Amino acid sequence: MDNDLEALEEWVGPLLAKLEAKERRKLARAVATDLRRSQVARIKSQKNPDGSRFKVRKPRKKYQPKNDPVRFLYKKPGGALREANMVSWQDEGLRMTGYDREVNAIRTFRRDRIETWLKPTSGGSDAGKLRSQRGRIRDKAMFNKLRTTKYLKVKGSSSAATVAFYGGIANIARVHQLGLRDRVSPDGPQVNYAQRELLGFSTQDREMIMDSVLRHLGEG
């Protein structure tokens, strides 16, 4: 692939040198837009640049709540204490996740931050109010949000055409792109993510760029 890129640079370099800076920026923007379109289509098809498919996401564990209510004082990150009153909760080892009646929502608590266990209050019937988002997760294609224009952007200058993720989402994309180790949530455990190349340069992309350059020069 590196050889393909070098060959493309050698081919397009002399052509671009004949253009004014304004025309090069216009061409770079057009090429970046076409390249983004091809990247989006490939991500949607769940494939790497070499044509291989993304590694399948590991199935999530089914949410199996317990019915015995628990109540405790919990130390928040800033040090303040708050009462938690949980029903329909699941033991996750170092954490517990379930429906907290104090905030009427699903919450996750770290066991090492529990200050005092309190006597549970009655009302275990509230367990029926639990709406488990985990149970509603559908088997959707990965990275649907990342390939939107909000996160995957294009830039064109007189010297470069760029397609990239910007902002905080860029780090998430990098973890998947390189298959790095990261936390599943700010307080969650670290896991090794499978490498899935969100951005890459395929043979089809090389041909598309050549077509874009020739089309632009022909219009000029």
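User: What volume does the second largest pocket have?
Analyst: Bear in mind that this is a predicted model. Among the elements that give two or more residues to this pocket's lining is helix H1 (2-17). As for the volume of the second largest pocket, it comes to about 590 Å³.

User: Which residues are the closest to the centre of the second largest pocket?
Analyst: Helix H1 (2-17), helix H2 (21-44) and helix H4 (203-219) each give two or more residues to the lining. There are 24 lining residues, and the closest to the centre are Leu8, Val31, Ala161, Phe201 and Ile209.

User: By class, how many nonpolar residues are in the lining of that second largest pocket?
Analyst: Let's go class by class. The lining has 4 charged residues and 4 polar ones. That leaves the nonpolar class, with 16.

User: Which strands stand at the edges of the open sheet?
Analyst: The sheet's 5 strands come in the order E4-E3-E2-E1-E5, with antiparallel pairing. A strand with a single partner has one side left without a neighbour in the sheet, so the edges belong to E4 (105-110) and E5 (114-118).

User: What share of the protein chain's residues count as buried?
Analyst: Overall, we've got 4 helices and 9 strands. Buried here means under 20% relative accessible area. Of the chain's 220 residues, the share that counts as buried is 33%.

Terms used. Residues are numbered from 1 along each chain as its sequence is written. This is a predicted model: local features need pLDDT of at least 70, side-chain atom pairs count only at pLDDT 80 or more; totals for chains, interfaces and linings use all residues. Side-chain values use heavy atoms; hydrogens and water are left out. On a 1 Å grid over the protein atoms alone, a cavity is a set of points where a 1.4 Å probe fits but cannot get out, and a pocket is an open set with protein on both sides within 12 Å along at least five of seven lines; lining residues have an atom within 4 Å of a point. Grid points are joined across faces, edges and corners, and a volume is the space filled by probe spheres set on the points. Ala, Val, Leu, Ile, Met, Phe, Trp, Tyr, Cys and Pro count as nonpolar, Asp, Glu, Lys and Arg as charged, and the others, Gly among them, as polar. Two strands pair if DSSP finds at least two bridges between them. Buried means under 20% relative accessible area, exposed over 50%, partly exposed in between (1.4 Å probe, protein chains only).
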